[in-house]
Amino acid sequence: GIVRNEQAARTSAAIAIAMARNLKDAKLVLNAQIALGRALVQSRAIDEGRELCKAAAQTASIAADADVLQIIDANTCVVEALADQARWADVGTLVAEKKALIREAFGDDHPTMAAWLIFEYSAALNAANYGKARALLMRARAIFTRVYGEDYIRTLQTLQFEANCDYWENKSAVAAPTLRALIKKLEQSHNTDVLFAARVHSDLALVEHELKDPKKEAKI
């Protein structure tokens, strides 16, 4: 399925780009390039997708009629790719560079800002800066909850991220009930993301394994 989706994305993007060039619509060309880049990142052709979006971001930034939304969309694709590759230092650098642009376009209480706060949280977590990571996570959760509600998938993901933070701070006894409650919520949902649910179950298994280790429990 992934291979077919990638092929379909490449074909559709090629047609869209050809039509946009015939129409002399530079912005539409970039939109198609960004869409293809994001599709390739999702289909695991991450390097190629990242470079397409990076080039689109650079082109959009220097255009005479620069479109801030295009610039942000392209850079969001880039940071998603970097996060998928666990290039956390690069994630932190890009967030620091683009956060002001996102604030200018959307303000501090928009879901786009929340999404970038999650990227920043991941970089902080992987740098073992747990205090900063928690503060960023709580800000992102507040935005997602206010805009979409408590049962929105991005809101629920913040509970998984909080449990991850607890785990790395040697607080598996705190992480376990959070993950169990999250699994219960997912089981009651009529629209569960199967991959997300699988990750939560995997995290719970890891946490429960840690709790069986007396030395680990002594640190909690």
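**Pockets and helices**

Modeller: Happy to. Let's start with the lining of the largest pocket: its residues divide into 18 nonpolar, seven polar and eight charged. Keep in mind that this is a predicted model.

Colleague: Good to know. How much space lies in the largest pocket?

Modeller: The space in there comes to about 1,300 Å³. The lining has 33 residues, and the closest to the pocket's centre are D84, Q157, Q160, F161 and R199.

Colleague: And which elements give two or more residues to that lining?

Modeller: They are helix 2 (26-42), helix 4 (68-84), helix 6 (111-126), helix 8 (153-168) and helix 10 (194-211).

Colleague: Which helix gives the most to it?

Modeller: That would be helix 8, with eight residues.

Colleague: Let's step back a bit. How many helices and strands are there in the protein?

Modeller: Eleven helices and zero strands. The pattern along the sequence therefore reads α-α-α-α-α-α-α-α-α-α-α. As for its extent, the C-alpha atoms fill a box of roughly 65 × 40 × 30 Å, taken along the principal axes.

Colleague: Which of them has the largest share?

Modeller: Helix 3 does, with five residues.

Colleague: How do the lining residues of this second largest pocket divide into nonpolar, polar and charged?

Modeller: Four are nonpolar, two are polar and seven are charged.

Colleague: You mentioned helix 4 and helix 5. At what angle do their axes cross?

Modeller: At roughly 155°, and the axes come within 10 Å. Because that angle is over 145 degrees, helix 4 counts as roughly antiparallel to helix 5.

Colleague: Is the crossing left-handed or right-handed?

Modeller: Left-handed.

Colleague: Which residues of the two helices make the contact?

Modeller: From helix 4, they are V68, L69, I71, I72, N75, V78, V79, L82 and A83. From helix 5, they are W88, D90, V91, L94, V95, K98, L101, I102, A105 and F106.

Colleague: And how do those contact residues divide?

Modeller: Into 16 nonpolar, one polar and two charged.

Terms used:
Residues numbered from 1 in each chain as written. Predicted model: local features only at pLDDT ≥ 70, side-chain atom pairs only at ≥ 80, totals over all residues. Heavy atoms only, no water. 1 Å grid on protein atoms, 1.4 Å probe; cavity = no way out; pocket = protein on both sides within 12 Å on 5 of 7 lines; lining within 4 Å. Points joined across faces, edges and corners; volume = space filled by probe spheres on them. Helix = DSSP H or I, 4+ residues; strand = E, 2+ residues; numbered from the N terminus. Nonpolar A, V, L, I, M, F, W, Y, C, P; charged D, E, K, R; others polar. Axes fitted to C-alpha atoms, helices over the stretch in contact; angles between N-to-C directions. Parallel < 35°, antiparallel > 145°, perpendicular 65-115°, else oblique. Left-handed = near helix turned anticlockwise from the far one by under 90°. Contact = heavy atoms within 4.5 Å.
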